[in-house]
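Open the model in your viewer and keep the selection panel at hand. We will go stop by stop.

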Amino acid sequence: MLQFLIRRLTGAVVIMFLIGAFTFFLFYTVPQDFAALSCGKNCSPENLAVIRENLGLDKPITTQFWEFMSGIVAGRDFPQGHCSAPCLGVSFESGEFVWDSIIDRFPLTLSLTVGGLVIFLILGLGSGLLAAWKRGTVVDKIVSGTSIVLSSFQIYLLGPIVLGLLVYSTGIMEFPKEHSFTEEPGAWFLGLLIPWVVMATIFTAQYTRMSRSTMIEQLQEEHVRTARAKGMRQRYVFFRYAWRGSLIPIVTILGMDLSALLSGAVVTEFTFDLAGIGRLAVDSSLTKDLPVTMGVMLFGAFFILLLNILVDLAYAYIDPRVRLS
Amino acid sequence: MTTLTKTEGEKAPTGPDSFLSVRDLRVRFSTEDGIVKAVDGLSFDVERGKTLGIVGESGSGKSVTNLTVLGLHNPKTTTVEGEILLEGQDLVTTPEKELEKLRGNKVAMIFQDPLTALSPYYTVGRQIAEPYMKHTGASKKEARDRAIEMLTKVGIPQPKTRVDDYPHQFSGGMRQRAMIAMALVCDPDLLIADEPTTALDVTVQAQILDLLKDLQQEFGSAIIFITHDLGVISDMADDLLVMYSGRAVERGGVREVLREPRHPYTWGLLSSMPRLGGSTSQPLMPIPGSPPSLLNPPSGCPFHPRCTFKDQVSGDRCSTERPPLGEGRAAACHLTAEQKQTIFIDKIQPRLR
Amino acid sequence: MSDNLTLPAQQGSTGASTEALLKVEGLTKHFPIYGGFPIKRKVGAVQAVDNVDLTVGVGESVGLVGESGCGKSTTGRLITRLLEPTGGKIEYAGQDITHAKRKQLAPVRSEIQMIFQDPYSSLNPRQTVGTIIKSPMEVNGINPAGGREKRVRELLELVGLNPEHYNRFPHEFSGGQRQRIGVARALALNPKLIVADEPVSALDVSIQAQVVNLLQKVQEEMGIAFLFIAHDLAVVRHFSQRVAVMYLGKVVEVGDRDSIYNRPRHPYTHALLSAVPEVAMDDEPQDRERIRLYGDVPSPISPPSGCRFRTRCWKAQDKCATEEPPLVQIGGNTEGHLTACHFPEEPTVGARSEAVVMDPALKALEKDGDVSKG
């Protein structure tokens, strides 16, 4: 198990390095002078040279890349002061440390994704299980039908509809807004409820259908029949035997959906005008703010890799065959 | 309870010893292609402590019958008619809750492929202990000790440590032994073994068959042994039921049936099977054609489209009239007793040497 | 005998071949296992086939029996060159084809054909039967007189299918009929050797006999040599003039049908034969020895040293662990009957005074049983 973790983490480091290199050099294929962008109109050559030096743009590209990457591990010194590890450089636009702006925005994106994840897992898996348990009945048909309708929605379509219904026309709820989770948990919850539900709806539909079909598949498994032949109660067989087996495909799909979830968060941020990391990423690439783009890319990649390792650990937990081989 | 309106439904005697009696059982599934008549008017008895062998090819309804006995069919798509009497209690009308108390307790089952029939997610010990705890109310500790005891009995080496292994850590033969331990843990009166050795190698099959026979001596369970292999049946069974197309075509003591089979299908099975002691100079005598579809079974005798001897029956009785299966030692065939005997002695027996 | 060489040889049970069509020497296949950290490397090998010698004469049918994991299927695939051998030599009609490249193999490919176990998955469901049977001719650029379609219809008729079913798809046929299609495909190129890998084990008993008879007809009438791979000893006996018994990647005994089935010497052959359930026609106890091994076949990743059967053998001694027994003709064997055993059994399969029971559970139960009976 330890060996497995070491192997996976080593792999993750390599992948992050590759992602960093790819983003960095792709950026430099764009024929743009970042210093000139930063300097603005009517820029004197002296100013330009100073900015170029400050941003480190006067050095060869490979050196810049190396300094950027080593900064993540060891920290770097900038005219603004020391940027301690993990240092993702300084924004061309604002002059702030990229790490700081990411950390500033991170709570919102984390709240959005985790909240959405929890909601769609509970709703999606729950209704899928219900439909499988009541297979062929009216309940099953309603659940399955609803999930097909909902899965054809998109966040940017569903978002405005929900806003229109709950905020603009009736005023039942306020427009989504970010609050601190530690200071005002109640406001935090209410403020993000609409984005959560909108984001989760699309995933819920998908997970309902998936958990229903994998459950039905599992219920036909021979070992499930054996459990019934032993006299175990139907509910016990359903939750202990069939459910356990259907977790494997669900976790697999969840692992693949993690990046979709992150991009879902980006769209959600835009739809509800929330300032999260997604917003930061889009803004930075529009203004050609290389360090911020790099930072966000690596940060996001880190999380996806981390979650994928967690998914693999979940496999081992669910299926002893994975654990022991 | 049920009135036998159909004359073609067979009647068999309800002996005083018969522990399980199945009467005129009809099982139908509705599928997208239509109604599958998986079992059509089947009757048989199992005596306490004895082994009934059911032999038939795929689609003969032998497995379905036994899933129905335990109520393991899908109630939404399946209709079951007739009676399944276990010590006088009709299992067809018994509610699920009551059936749960019988399953694994009074009636246990062993399946064909122990790799898929055991859950990969739980230890062997837990899977053996579960029914014991449920049916006897034993504690976790007691159930675990019982599981170890059962594993010892079925010949698992180092049962105290292997009890915590998962099925995939066992070899094929060991898994089937564990399956047997699981089935026998509550000392059932009836054990249904559905092709229990088909997935195993021949030397392992021999071990498992002997183990089952020896354990039956000890536990005194009746066994319904389902297989397609007449050799296995010959080794295991006391009584034999030959099934074809959802019906019983021949019944009797296993030696009687194998020594002097009376149904053309049984003849066909025996003469199409090469044997270690048989002659190699003459070709096998296969049954022509393929088994019928259960969606649209042949009229009359279901075997008539493949039967070589139907010309010897006057008229078109074979294709119009379903031959009844008499009581006791019997074969469901329109040929007369003399015809059967002559054909067997003249045409079939020489081939079996 | 040598005069008959040009004719498809109808050999008696004496077996010893007139002319070797296929000659396999020291055939070995090890499937590497990779693993380790941080760099993946070969950490072991599945010794699927190890040093196998085998010959198949012109028009001869040779059976290859053994339990799962004994390497019989791998051997078949090596001979048809679907797998690349790790070592050894495969000679076909005097030509070394062990490592022959695609081009060099082309003329031989059409002469060696294979029939697979599963008639469901070995036929392309999207092709008509005609296309399936025709494609080997197309691939090999063979144009029979009268055209390929006519040839396909002839083949369909030969294997007992209606030639009018030329345009049907595999799913329209039953299992037995599909296996007939597989046979027709194998015959399309007039092969001289057919490797049949468990050709009937997926079929129902009554259908099995149809296919066995068809294969036998093909073998006898067309003089095609067969390597018949199966786990069913009775079917192999019925079909094969000579039989090789494999255990854990090795041939442990080989000989003509009569030697293997009536005068086996290797303990494993005895155990196998004794384990086959036979239909008893009468009440008298059968005159057969009773041998019950214990447990399953060991893993081919780390097979036992010396004789591979020794861990389950009742006659094993120290020598068996240290010295691998050679496959030789031992005293009392007829010619061509080779056994790889240091301590061979008596050449009979008749009942013994005492059964050999290796299984501790059976031993315990049977002892109790005797006590209660007595």
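The tour below moves from domains to a contact, then to a helix and an annotated stretch.

This is a predicted model: local features need pLDDT of at least 70, side-chain atom pairs count only at pLDDT 80 or more, and totals for chains, interfaces and linings use all residues. Residues are numbered from 1 along each chain as its sequence is written, while chains are lettered from A and ligands numbered from 1 in the order written.

**Stop 1: domains of chain C.** Select 122-189 for domain 1, then 264-278 + 288-373 for domain 2. These bounds come from an automatic or database domain assignment. The two domain centres, taken over C-alpha atoms, are 44 Å apart.

**Stop 2: chain C against chain B.** Chain C brings 46 residues to the contact and chain B brings 47 residues (contact: C-beta atoms, placed from the backbone, within 7 Å). On the chain C side, select H6 (205-222), which gives the most, with 9 residues. Helices are DSSP runs of H or I, at least four residues, and strands are E runs of at least two, numbered from the N terminus. The chain C side splits into 23 nonpolar, 12 polar and 11 charged residues (nonpolar: Ala, Val, Leu, Ile, Met, Phe, Trp, Tyr, Cys, Pro; charged: Asp, Glu, Lys, Arg; polar: the others, Gly among them).

**Stop 3: helix H1 of chain C.** Select residues 72-79. Here 8 of the 8 residues are buried, so H1(C) is largely enclosed by the rest of the structure. Buried means 20 or more other C-beta atoms, placed from the backbone, within 10 Å of the residue's own. Among them are Lys72(C) and Arg77(C). Arg81(C) follows H1(C), with a positive phi near 65°.

Stop 4: UniProt places "domain: ABC transporter" here, from an unreviewed entry. UniProt positions use the numbering here, feature names are shortened, and annotations may be inferred rather than shown by experiment.

Notes:
Contact = placed C-beta atoms within 7 Å. Buried ≥ 20, exposed ≤ 12 C-beta atoms within 10 Å, placed from the backbone.
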